[in-house]
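Open the model in your viewer and keep the selection tool at hand. Each stop below says what to select and what is there.

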Amino acid sequence: MNKRPTPEYRAYVVKLVVEEGRKATQLAFELGIGESTIRRWVKEYREQKAAETQGIQYVTPTEFKRMQNDYDKRLRALEEENAILKKAMHIFAKNRP
């Protein structure tokens, strides 16, 4: 193959190996693709599927910092809300007959 394969074509080849049980060596010969290339595609596919099923999500340091700041803001808001509710509870408890 002289051209770079499309993602759809890669998915097709991977499905032939994963779902149909075809051998990478046989497909490499039939399709004119390097065996190592097919094995790499299959490996990437399996890693992606494993990550999806395990819920693994890769986060960059910048995204992590942003998420941490969002969590901190939410925590402060909830703590403030909790303090207000405690004060209101004490006020209503005093005014109870």
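Select Arg 40. At 43% relative accessibility, Arg 40 counts as partly exposed. Here buried means under 20% relative accessible area, exposed means over 50%, and partly exposed lies in between, with a 1.4 Å probe and protein chains only. The model is predicted, so local features need pLDDT of at least 70 and side-chain atom pairs count only at pLDDT 80 or more, while totals for chains, interfaces and linings use all residues. Residues are numbered from 1 along each chain as its sequence is written, and side-chain values use heavy atoms, with hydrogens and water left out.

**Stop 1: the salt bridges**

A salt bridge here is a side-chain nitrogen of Lys or Arg within 4 Å of a carboxyl oxygen of Asp or Glu. Arg 40 and Glu 44 are four residues apart in helix H3, so about one helical turn separates them. Helices are DSSP runs (H or I, at least four residues), numbered from the N terminus.

Which side chain meets Glu 44 in a salt bridge of 2.8 Å, N to O? Select Arg 10. Glu 44 lies in H3 and Arg 10 in helix H1, so this pair ties together parts 34 residues apart in sequence. Glu 44 is partly exposed at 35% relative accessibility. Arg 10 is partly exposed too, with a relative accessible area of 29%.

Now go to Arg 66 and Asp 70. Their salt bridge has its closest N and O atoms 3.7 Å apart. Both sit in helix H4 (residues 61–94), four residues apart, so about one helical turn lies between them. Arg 66 is partly exposed, with a relative accessible area of 47%. Asp 70 counts as partly exposed at 40%.

**Stop 2: helix H1**

Select residues 7–18. This is H1, with twelve residues. From its first C-alpha to its last it reaches 16 Å, close to the 16 Å expected at 1.5 Å a residue. The expected span is 1.5 Å times one less than the number of residues.

Colour Val 13, Val 14, Leu 16 and Val 17: these are buried. They cover an arc of only 155 degrees around the axis, which puts them on the same side of H1. The arc is that of the directions from the helix axis to the C-beta atoms. On the other side of H1, Pro 7 and Glu 8 are exposed.

What do the buried residues of H1 pack against? Show helix H2 (24–31) and helix H3 (35–54). Contact means heavy atoms within 4.5 Å.

**Stop 3: two tyrosines**

By the ring rule, the count comes to one aromatic pair. Tyr 9 and Tyr 12 form this pair, which is tilted: 6.4 Å centre to centre, with 35 degrees between the planes. Rings of Phe, Tyr and Trp (its six-membered ring) pair if their centres lie within 6.5 Å; planes under 30 degrees apart count as stacked, over 60 as edge-to-face and the rest as tilted. The two residues are three apart in H1, so about one helical turn separates them. Tyr 9 is partly exposed at 22% relative accessible area, and Tyr 12 is partly exposed at 47%.

**Stop 4: helix H2**

Select Ala 24, Leu 27 and Ala 28, the buried residues of H2. Seen down the axis, they fall within an arc of 105 degrees, so they line one face of the helix. Their cover includes H1 and H3.

Zoom in on Ala 24. Leaving aside neighbours within four places in sequence, Ala 24 is in contact with Glu 35, Ile 38 and Arg 39. Then step to Gly 32, which follows H2 and has a positive phi, near 75 degrees.

**Stop 5: the core**

Finally, select the largest nonpolar core, eleven residues in all, including Ile 33, Ile 38, Trp 41 and Val 42. H1, H2 and H3 are the elements that give two or more residues to this core. H1 gives the most, with four. A nonpolar core is a set of buried Ala, Val, Leu, Ile, Met, Phe, Trp, Tyr and Cys residues joined through side-chain atoms within 4.5 Å.
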